[in-house]
Structure formats: structure tokens, C-alpha cells
Amino acid sequence: MRILGIHIYGYGKLENYRLDNLQNMVVLYGENEAGKSTIMSFIHSILFGFPTKQQAELRYEPKLGSKYGGQLIVQFPNIGKVVIERVKGKAVGDVSVVLEDGTRGTEELLKELLNGIDKVLYQSIFSFNLHGLQNVHHMKKEDLGKYLFSTGAVGTDQLFIVENQLQKELDTQFKPNGRKPYINQQLIELKKLQGELLKAEQQNDRYWILIEEKERLEYKIAEEQKYDKQLQKDIDKLRQWTHFLPYYEEKLVLEEELAGYDQIFFPSAGLERLDQLNELKNACERQIHILQERMSNTREQIEQIQLNEQLIAKELDVTTSIESLPVYERLRQEEGHLIIQVRHLTEELDVLKEKLNLKIEDDKISNVDTSVFMEEKTAKAQAQQNRLKEEKQTLDRQFQIEQRALTAIEEQLESLKKSILTETERQKLQEKITGWKSSYQLEEIERRILFLQNSQKVELQQQKHLKQQTFIQMAALSLLFSLLIGWGIVNKEWFLVIASLIGSGFILFSKLKKPLNTSIRHLEKEISETYAKKEQLLSMSTANGSHELSAFEEMYSKDQMLREQLYVLEMKWEQQNTQYENVIEGYEKWEKEAIEHEEKIIQLGHQLSIPKNIALTNLHDAFQLIDKYKTVLRTKKNHEERLETIQTEASKIVSQLEELQQMFMITIPVSLQETASLLRNMLKEEYEKRVQHKEQETKLKELKEEWNELYIQQMQLEKEIGELFKLANVENEEEFYELGQKSERKKQLEERLIQIQKSLYTSPFGEKDHKEIQSKPDIAGTILELEEQMTEKEHTIHTYQEKLAKIQYEINLLEEGGTYGQLLHTFNQKKFELNEDVKKWAKLAIAKTLLSETVDRYKKERLPQMLKKAEEYLQFLTGGKYIHIHSSDEGNGFLIERKDHVFFQANELSQATSEQVYVSIRLALATTLYKSYTFPFMIDDSFVNFDEGRTEKVMELLKELAPQQVWFFTCHQHLLTHFSKEQVISLSTSSYTVM
């Protein structure tokens, strides 16, 4: 991709600026605030969109009301010139894209052209400034290597920032030996609550009795309140009926009147449609009469024109003969040229025969297969011959390397196996250690048994309380679903009935299936296992001394370390042995491929009629000579055939002109040119008369077509009128209009009925409710009776609430000092909060692990390619002083190797050298891992801290980045000496065009 020109309508302080004919190297020079950063931001905005108002980036909107935006003219490979225009519009602006072939598009086409690259990725890879180099200078020494590695991975320091943020967040939440982190504090508080919970266990009996009485009263109150609400619903229902009764009565009257119009059917908008059809029919009849008069006048004009039919019949022959004169002259010239070419081709064939040195006739050579497929076969065969030789040399080197490495690992394995303990010795040592430790674990196990027994009592009490609550909830839900099923059946709401049945089934299933008390079973199992462990430790207890334990543990630890080393070494041996066997398999595969390839070359030589010795050495060269011979021979035959064709065509032209001369001319012309001129004039006069004749015939034909269309239209209108009468089942217009008036009345009745139905749509009553309420003669008396029942229920609820308040008071007295239930709730709540915080900590830890694994995969797969190119750039920039960049195995940094093979960490380099490393990595990243994206580089005053030598080197490097375009922005005049005048654009002069 290359930017050929830019046109700024309005962006910042720049208005109507244009830069044209831009080179591969574009140097924009200007003092501070001359507009360099504005142009750089403009290019980013046109390609990727204007910054939104929510972003911190400057928008550069014009202050004087100019049009916001502009266009870029960009050259894309395999596409051509593309004009990209973006102006003020939606959040990121309205963009239009025009390709060289005229294709137009918007944002989707632009993204396709940019291969999905967004603004952030472009600025990270292809655009950098002094800020990036200053980061190298201001970075802490221990973090400099990680910063450079992050730059090499994604073009910015994002990996470095994210890794530090994750580690900082992990440390603030938990440390293995810390006290201040949040999770550490939660663990301390949870341990304290566990002690208080054991002390409060004995004060729990009275508390649970009061809780049971409280729940019983709450259930009775809920039942009374539910019945009270139902009474209120019945009262509201009767009062609503008095509002909807007039609508029900009017609905019955309308339905009765509409029953008299059931047999009436009238087409939709029938009267309007009939009026429109009559108007269209009258208009057609008037136009038909006008067309008949115009057709009669046109026929008279056609009869007055007289044509020379014989000349018209020979029109094609005359025209062809006249136009063939230039052809005749060219044929005579081509005839002389072909005679010379045939002579030269004969000489060239003689030379090729001498080079081939094959005794083959021309006919046999013509039959040799020299197709594109055969050419590809010979070229591939020659290339494969060279590749097989290189593979043989590579296999020899790999065999020696892998064999030496495998022998070294086997020697280490033999030595290590002699140093480890046998399985019998190791088992005896482990039993001695376990026996000594058992006496110190008995006390801890006894405390654990006591704690588990207390927890079991608490879980049993909670299970009893939970069963009582579950019974109350199931009873309430069963009653609710029964009411919903009844209401749904009455109102025919079948979806509600099905949903309620499913809910009732779930409650029945939950009631029949006894819940498993997994917590109590788990405690019982753990108590049993702890007792068993206690008995085992009692049986294994010994009286060994502490000094013996220390010696045994040291021996066991040493043996364990040796076993781990042996395991790692065995894994290495397996890997190395696999690599060795792969080399052996490579030899076998190479030998088989070489034999097959030799047979293939001999077969190709036989197909080309080439001897075996030539085929094995110069197969493709011989093919090219044969192909060239066939091409020259074929060209010669084509020229000879063309020469014969030319002579025949020239003779035909002369004969045709002489025949036309005798047929139409009185005087005999002197030359062929004079004959053609006379015939042209005669044909021109006849042609003008024929054009007039044809125009009149065309006009008559058009009039006939127009008359036919109008006639068809008239018939169609009459047919539509008849169909309209047929739909209404009438014979004439009078009956049709009478039926239309009845239809209007029916429509008015239906509209009023729809309005009433809309009013009744909000009614909660169905047909069953209608009959039920009408059966009650005294609705007002029924309402009064229901209100008296509500008063009695409210008195009963008040009595229950007074008793509940007294019990609640006693419960509050027990809970003021912190009862067992409150402590248990607090303990479980804190435990739940700890689990949630641990889950959050685990997510961060997994994220940090995934980031590390991604970095490791990058180091293995993509980093070597990038580092190789970065080393080339660094060697060039430092004049060969630093030759290699190695990735560090201990972290995410780099080691820089000097030419004397001394290694330096990034923080040990000077500021200027660190900046050179940064520049090398940034350019290598773009030219290797992102080499398929040939975007322009944007560099903004990034080398002002370099001395003269370093500056000259980096400028030479930028010039060698071709064919990629480079935009270099600077305010330092001394840097301009490194570029030609054509490459430099000064913003303080008229280098750009003001429109």
C-alpha cells in the first residue's frame, strides 16, 4: 500500500491543503505547530475513522466552520488506485471508497482493503515516535528487558503492563506468608469465629422452640391474609361488572342487526373502482380515434418514396468492396513483409538443428509433447534433483549431531541409576519416618474428632428446621398452583394450565423424593475415617529420637531428588531417541525418493526423444530448445499459409469491384479508386431515400403497436368492469350502486362492534362470569355481605400479630448477645465470601498463567524469525559492534551479544544502544511477522538523541525499507541533508498545493 496524494478539506488548522505525487520516502519538515502531527493524525483518521468524543485523542475539528475531513489517493497491490474519502457524519465519520474500475463501497470495503487492520494495531506496528524511545530511557533497569520483549511481540509495551497489573492485583489479595492482603485477613477472622461458634453451642435449645412458635403464627397470619385478599377480589369483581354491563347489552343489539346482512357481499372499495374503470375506458376510446388518423397520413408518405431495389439488394456487396480498398493496400504490403520473414525463419531453424544435434525429422519434432504441463514437469524434475543433493548433505550433518547427543544422555542415565536406593530400601526408610511422626499427630486428630462431632449436632438441628420450612413452602405453592389451574380452565388459558400442572408435578416429585443430607453423611464419613487414622497412628507409634528422624528425612529427600532427575533424564532420552530414529527414517525416505526420481527423469527423456545421458544432466535445457524449434517451425508454416491467403483475398477484391462496375456504371473509370468513389456516391443517395422510407415504416409500426396496446387496454377495462359486476352478483350499474349502499351500512355496524369489543377487551369477565353474575339479583347486597366478612378476618389477623410480637421480643433478647444461630450464620457467610474471593484470585492467577504460556509459544514459534531480521538491522545500525539478540530463558527479556561474544542485558546497555535495539525490533516486527501488510511507516522525530553516525545509519536503513513507503516527520533541519530535494516537503513553503 502506498499513499500517492492527500487532500485535506478541513482538519485542525489546515484547510484545503493538497499533497500530490508523493514518493516512497516522504519527509515532512516544519517548525513546531506547523502541522506535522495534524497531517499524521489526518492519515490515521481517514483510514480508520475520526476519534470519538469519548476518546482522549484530539479530534482536530476546524474552528472556522470548514468542511471536516478529506481524502487519500492510495495505491493497493493487484487493485490499483483507490480514492478514500471521509467527512463528518456518524461517530467515526462517513466514508466512501472508489476503486480504479469504478466500484464503490463504504466502511466494509475499506476494512477489506486494509485486511482487517484497525487503528490500534497499525499504530503499534507501523507508527512510532519519540515517546517509544523515551520509554526505553525512563524505564527501570530491571523492567527494560521485559519492555523490549513486549515491543517485539505486539509492537507496544502492553504485554509488560498487563503482566505487572496482574501480579500487583494478585499480591494485594493473597500472599502465602502475609497478613495484610485481603484473603489472609479473612482466614484469620474465620478461625476466630470458629472458636466463638463452639462456645455458643450450649445456648441453643430455648431459641429453636421460640423459632418454631413464631413460624406457626406466621403461617396462620398468611392464611388469614390470603382469604382476606380473595374477599377483596370478589368485591372488586362485582364493582367492575357494573361498569361493563352497558357494553355487553349494546353488543347483543349490534350482533342481532348484523345477522340480517349475512348474505351481502360487496367488493372492497367497489364504487370507487367502478368510477375509475369508466374514466379509463373513455380515455382509451378517444386516443384510438386519434391514432387511426395518424396511421392513414403515414401510409400516404410511404407510397411517395421510390427505391432502386437492385442497388439496395447489392448494398452489402458495394459497401464491402469500397471498404476493402484499404485492406487491399495493406494486403500488398503484408505480402512483401511475409516473404522476408519466411526467409529469416528458415535460417533460424537451421541454427537450432545444429544446437540440438538430434537426427529427428520436423514432423517427429512437431509431435513431441512440449505443453505447459511437460515444461513444468521438466523444471520440477531439475529442481528436485538439486533438492535431493542438498537433503543428503543435511541428513549427514543431523545424523552426527543426534548420535553424539544420544550417547551422552545414555552415559548420564547409567551413572544416575547406580546412585538411587532400591525399592526395598526406600520402603523401609519411609516406614521409619512415618512411625516417628505418628506420636505427634494424635493430639491434633483428637481435636479434629471433637470438632466434627459438634458440627454433626449443629447440622442435625438445622436439618429439622429446614424440613419444617420446606413443608410450609410446598403447601403454599400447591395451593397457588391449584388456584391457577382452576382460573386457567375457567378462562380457557391453556398455557397457564399446562405451566401450573408442570409446577405441581415438580412439587409432588420434590415431596416424594427425600433430599439427601449430604452434609451429615460427609461428617459421619469423615469422623469414621479420622478414628481409623487414629488407630493406625497408635499402631505405628515408635520411640525413635529426633536426630534419627532428621537423618532419615535427609536420605529420603536426597533419593527423591535423584529419582526426579532420573525421570527428567529418561524423558530427554526418549525425545533424543525419537529424533535419532527420525533421522534414520529420513535416510530411507531419501533413498527411495532418489530412485523414483531417476526413473521419472529417464521416462521424461524418452517422451521428449532425448538420450538417457542428456536427460540426466540437461533435461530442462533440451526441452527448451525443442520447444523453441517447434515454435519457430509453427511460425514459419503460419506465415506461408498467411501468404497464400493474402494473395487469394487480394484477387477477390479486384474481381468484385470489376463486377459492380459493369453492373451499375455507364462510363468506365480509370482506376479502382475512381470506381469505388462513383459507387459510394450512388449508394449514398439511395441510402438517404431508404432512411426516409424506413423512418416512415418504423413510425407506422409504432402507431400500430400503440393502437393494439390501447385496444387491448380497452378490452381489459371492459373485462374488469364485468368481473366487478360478477363479484357483486349483479347485472348492471344500477344494481351495483344499490348493493354498495347496503355494504356501507354493514361496514358501519361492524366498525361499531369492533369498538365495543376493544372496550370489552380489558374486561376480566368471560361468558361464564356473565351468566354467574346475572344470576345474582342483588349485587349491592352481596358486596355489603362480603365487606362484613373482611372486617371479621382483619380482627383475627390483628390478634395473631399481637402474639407474634411477644414471641419476637423474646427471640430478640436471646439474639442481642450473639446466639449460636447468628454466629453460625456469620461463620457460613464469611466462609462463602472467602470462597468467592478465592475464585476471583484463581481467575487472575489463570489469566497470568495463560499470558505466560502465550509468551512462551510466541518465543518458540514466531520470535526466532523476528529476531533474525532484528539482528541484521542491529548489526547495520551499530556498525557490527553488536551481532546477536537472544531471548532470555529466565524471563521475558533479551540478551544482546557483542562481537567479542560478551553478553549484556538490556539494562546494561547505554541509552543510545538501547534505542537502537528498540528501533531494530520495531522494524523487524513489521517486515517479518507483518510482512504481508505493506502499510506505510509513520515515524515522528524519533532519532533526535542519536549522534551523527547513528543518525546516518538509521536514515540509510529507512531508505532500504522499499517497496514500503516511509513518512518521516521532523522539525530538525540538519536531518534534511540525508534526503533528496524531491523527498522533502516543507510545511513552511508552498510545497503543498492550496486549493
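Guide: Let's start with the count: the structure holds 13 aromatic pairs. Bear in mind that this is a predicted model, where local features need pLDDT of at least 70 and side-chain atom pairs count only at pLDDT 80 or more, while totals for chains, interfaces and linings use all residues. Residues are numbered from 1 along each chain as its sequence is written, and side-chain values use heavy atoms, with hydrogens and water left out.

A pair of aromatic rings is described by the distance of the centres and the angle of the planes. Rings of Phe, Tyr and Trp (its six-membered ring) pair if their centres lie within 6.5 Å; planes under 30 degrees apart count as stacked, over 60 as edge-to-face and the rest as tilted.

Among the 13 pairs is Tyr 11 with Tyr 68, which is stacked, at 5.9 Å centre to centre and 10° between the planes.

Phe 399 has a relative accessible area of 23%, so partly exposed is its label.

Back to the tyrosines. Ring pairs join Tyr 11, Phe 42, Phe 50, Tyr 60 and Tyr 68 into a cluster. You'll find Tyr 60 in the loop between H1 and S4, and at 21% relative accessibility it counts as partly exposed. Glu 33 also has a positive phi, near 65°, without being glycine. Glu 33 lies in the loop between strand S3 (25-29) and H1, and its relative accessible area of 71% makes it exposed.

Now for the helices. Two packed helices are described by the angle between their axes and the distance between the axes. Helix H19 (residues 612-664) packs against helix H20 (residues 672-728) at about 55°, with the axes 10 Å apart. Here the axes are lines fitted to C-alpha atoms, for helices over the stretch in contact, and angles run from 0 to 180 degrees between N-to-C directions. H19 and H20 are therefore oblique to each other: under 35 degrees would be roughly parallel, over 145 roughly antiparallel, 65 to 115 roughly perpendicular, and the rest is oblique.

Who touches whom? From H19 come Val 654, Leu 657, Leu 660, Gln 661 and Phe 664, which meet Leu 672, Thr 675, Leu 679 and Met 682 of H20; contact means heavy atoms within 4.5 Å. By class that makes 7 nonpolar, 2 polar and no charged residues, where Ala, Val, Leu, Ile, Met, Phe, Trp, Tyr, Cys and Pro count as nonpolar, Asp, Glu, Lys and Arg as charged, and the others, Gly among them, as polar.

Val 654 also lies 9.5 Å from Ser 324, C-alpha to C-alpha, though they are 330 residues apart in sequence. Ser 324 is in helix H11 (residues 315-356) and is buried, at 9% relative accessible area. Further along H20 is Gln 714, buried at 11% relative accessibility. Leaving out residues up to four places away in sequence, Gln 714 touches Cys 284, Glu 285 and Ile 288.

Zooming out, the chain has 27 helices and 15 strands, and 36% of its 995 residues count as buried. Of contacts between residues at least 6 apart in sequence, 75% join residues at least 24 apart.

Terms used
Helices (H or I, at least four residues) and strands (E, at least two) are DSSP runs, numbered from the N terminus. Buried means under 20% relative accessible area, exposed over 50%, partly exposed in between (1.4 Å probe, protein chains only).
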